[in-house]
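Hi,

Here is the structure I promised to pass on. Have a look at it first, and my notes follow below.

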Amino acid sequence: MKYSSARERGFSPIFILFLGLIIVVGIGLVFLFTAGPKSSQKGASNTNISSPSGSPQQQTNVNPLINSHDVDGVKQDYARQLQKQGKTAPVQPKFDYQLAPELNNKESFLSIRSAFAASTCSIDSAPSTIPVYTLKAHWTAKEASDVAKEFNITAPVASMPADGGGFQYFFSAPLTDGFLSLYEASGMYTYHAVLHAAGNDNGLAGAERKSDNERKKYGLYDGFTKLSGGFDASVGSYVFNYRKDWDLFPMVDTNKIKALGSGSVCGIVSTQSVNTATLVVSIDDKLSRVINDTRKITAKKTLPRELFTDAFAQYHAHPPVDPIVVGDTIAGGTVTIDEVTLVWYELGPNFAQTAYIPMYLTSGSVVSGTQHARVFTLFPAVSMKELVKSGVIPADEYSLKLDTFNPKPPKPDMIGCPGNTVDYTVSCSDISGGTVCNAFMGIKPDDDPNNICADGCKSKDGTVTAGVNEDPCKLFLEQNNMPTNSYHPVNPVVAPAGTYSCVLNGCPC
Amino acid sequence: MLKQIRIPFIITGIAALAIGIVFALQSRTKPPKPTPTTPLTMPASVRSIDHMWGEPAKAMFPDIERPVYVGAKEADLFLRNDDPVMDVVYGQTHYIYPINILSFHHIVNDTIDGKPVAVTFCLLSDSALVFSRQIGDSILDIGVLGPLYYGNLVMYDKKTDSYIIQMTGEIFHGPLSGKTLSVEAEPAIVAWKYAKEGNVKVLSPAKPIAFYRDFYDTRKSSQMGLQSLTQKGGKPDARLDPYIKGIGLTSGGETAFIPVQQVKEKRAVSLVVGSQKVMVSDDTQSGSITVTGGTRLAYTPAYWFSWSAFYPQTKIVE
């Protein structure tokens, strides 16, 4: 077969140029159409979306929640190392997402409502605007001192390092041999008095009345519900646990979501480990502990709720919170989301979260070969831009999940013994070396004749002569000018009169 | 002729290549068995009994000599989900030591899988180390001496009355002076709720748990540790805040310190310590810091003031 050129066929050069132009434009259009949907999938960029209130919101190309740290490779390496040690490697999944057909209707809010009705829990009745709560973070020494005063503690402020980073303000409470410590980052605090396990047992009802009265004093009564209450043998006292309730949606954390297992997200209830308060009351109705793990709300803003489909389009390529996988170990693939509900979740760095914001909690299935898993993922239900604009979160807040806690130096230093207590042991033995008494006791630093807090551990030994069934330990304490009000022998001494060898050890820690 | 000479070279090359591949595959499939590690130490002569703060007060904090372990179900009766525990892995078994119990007793003398070990924890310096109790043919019986050394626990061998620094394993006083305990395992500190799954053995309390809770709550401040350093003429290393918590690592004559905050911000940090490539990661699921990678590596959580006092040349991973 012989092919002839266009010119040989009789086409003019202008026609050929025109044809070429059409081909170039055509190719360009093909590229434009094929590339367009992909970019809108990734970031929902440059698309007008409707809020439930009906006002369109312009989206930006920048997702303020996406963290640029790429640690996927490091995570995989870490997982391999753990497996070699026989430990369970945490799965760091990376999924693609798609919506089940019944969740993919985006024509209007009303049509979505009707489409959602069959399978989406409470979204059907969710309001078009949702409150967002701003939390107080980073408490000053003055604010911490004001809390201490509520407990009649006027001691000067000190500080101590906090578990997990940062520091706690610390106030000695000489009246109760205890202390109050308050996290600088969150304002959560513990009031600690020495446990009283002795005295008359006034019963559960009396202890609960005491607990309620104390809660009212410290702002832990209104809006709280009792989770549990009763005698706790491990502390020899009555322990009451409460949680602050939230309107509209449950407050959840990752543990609560994980506990769903293969269950529906529709039934999720608030976690019992967030916004809780615990009070411990001794059997003779003395307040022993107030553990306040609630956050102080400083502002409430009502913002338009974003449609789930819009939130999904915005964040599905980079969900701000690591997905939670339950079932077989699957770290990739396409998750088909088939359920969605609304929850509250903490926003901001660990320890100093800045807001409670509503999020869509989704549940989806993923299959890899013969393996099946359920994947729970969170998508913000209000515009992050709106949150920044309304001052709920600072403009440089980038992540829901990463700890960017910036601890301040713990100053001023605390002087004296931690916990306002000096530890002593006293023990005495008979001539054959058998121990006749042995006790561990704590005393106030001011009552310590040996100045243990300033000088460190000390030890003294000697002998005492005791009468029949007389306690040589107590006698030895008195012989060394030690206070005996903290001395409580476990069992009464049953021993003949005689000389006993005793040792007294004191340490600050 | 030239061709004949080349053939043996080619055969030798192929053989060397094959051996190399076999070795490479073996090293991939069989990770080298971790060997007990001796932490880097300064010469024992540098340590002095004069640096100890306080006098011996033996039996003040009795070590546990015959530990009793229970299963997870029973442990749930005395542990709360958020209680911190020390997780030590031997084979497929996780030995769990509640921190509030350890903060009082400090030391558990045990024999696990035929190995005499001492599980140790110092509340004031936040250091957690598991040592072998064997030195030569001798098995040590380790107790709490009472005083502090640069804010760290001082232990002693009950048989020889030799004094041991917990952070370094150095024996600096007594008949065994100059020797060093070897690190047997590195524990992870996690919340009980993350440790209860699988094959676990949990240290049972020897006293009512309320006693341990009260003790831990009241004394977990570390100010006394810094006080013990400064009162002996020590000065905290000004490169970091004294109370910064971190992970201290030693290997091959080098030491490094990584603030926990750094690890949490970056999620994972790679570094080289003593030619060992190490990765320190934040396990966001359990909230614990994990160290992996080194085969001759010792590490422990620690407060900066205490770690830097023992290892003034330590580098800081920023």
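Let me start in chain B, where D87(B) sits opposite A188(B), a residue of β15(B). Keep in mind as you read that this is a predicted model. The strand to look at alongside β15(B) is β3 of chain B, residues 84-90. The two strands run antiparallel, and four bridges join them.

In case you want the reminder, strands of a sheet pair through backbone hydrogen bonds, either parallel or antiparallel.

As for chain B overall, there are eight helices and 23 strands. The chain has 318 residues, and 54% of them are buried. If you take the contacts in chain B between residues at least 6 apart in sequence, 64% join residues at least 24 apart.

Now over to chain A, and to helix α6 in particular. This helix covers residues 203-217, so to speak a run of 15 residues, and from first C-alpha to last it reaches 22 Å, close to the 21 Å expected at 1.5 Å a residue. Which residues of α6(A) are buried? They are A207(A), K210(A), S211(A) and R215(A). Seen down the axis of α6(A), the buried residues fall within an arc of 135°, so they line one face of the helix. The general rule behind this kind of pattern is that an α-helix has 3.6 residues a turn, so residues three or four places apart point the same way.

What do the buried residues of α6(A) pack against? Three strands of chain A: β10 (237-244), β11 (276-281) and β12 (287-292). On the face turned away from the buried side, α6(A) carries the exposed residues A205(A), N213(A) and K216(A). After the helix comes G219(A), with a positive phi near 70°.

A word on confidence before you dig into chain A. Its mean pLDDT is 74, and 69% of the residues in chain A reach 70 or more. Two stretches deserve a note. Over residues 1-10 of chain A, pLDDT stays under 50, and the model has three contacts beyond four places in sequence for them. Residues 28-75 of chain A also stay under 50, and there the model has 67 such contacts beyond four places in sequence.

Cheers

Methods. Residues numbered from 1 in each chain as written. Chains lettered and ligands numbered in written order. Predicted model: local features only at pLDDT ≥ 70, side-chain atom pairs only at ≥ 80, totals over all residues. Expected span 1.5 Å × (residues − 1). Buried ≥ 20, exposed ≤ 12 C-beta atoms within 10 Å, placed from the backbone. Arc of directions from axis to C-beta. Contact = placed C-beta atoms within 7 Å. Pairing = 2+ DSSP bridges. pLDDT = per-residue confidence, 0-100.
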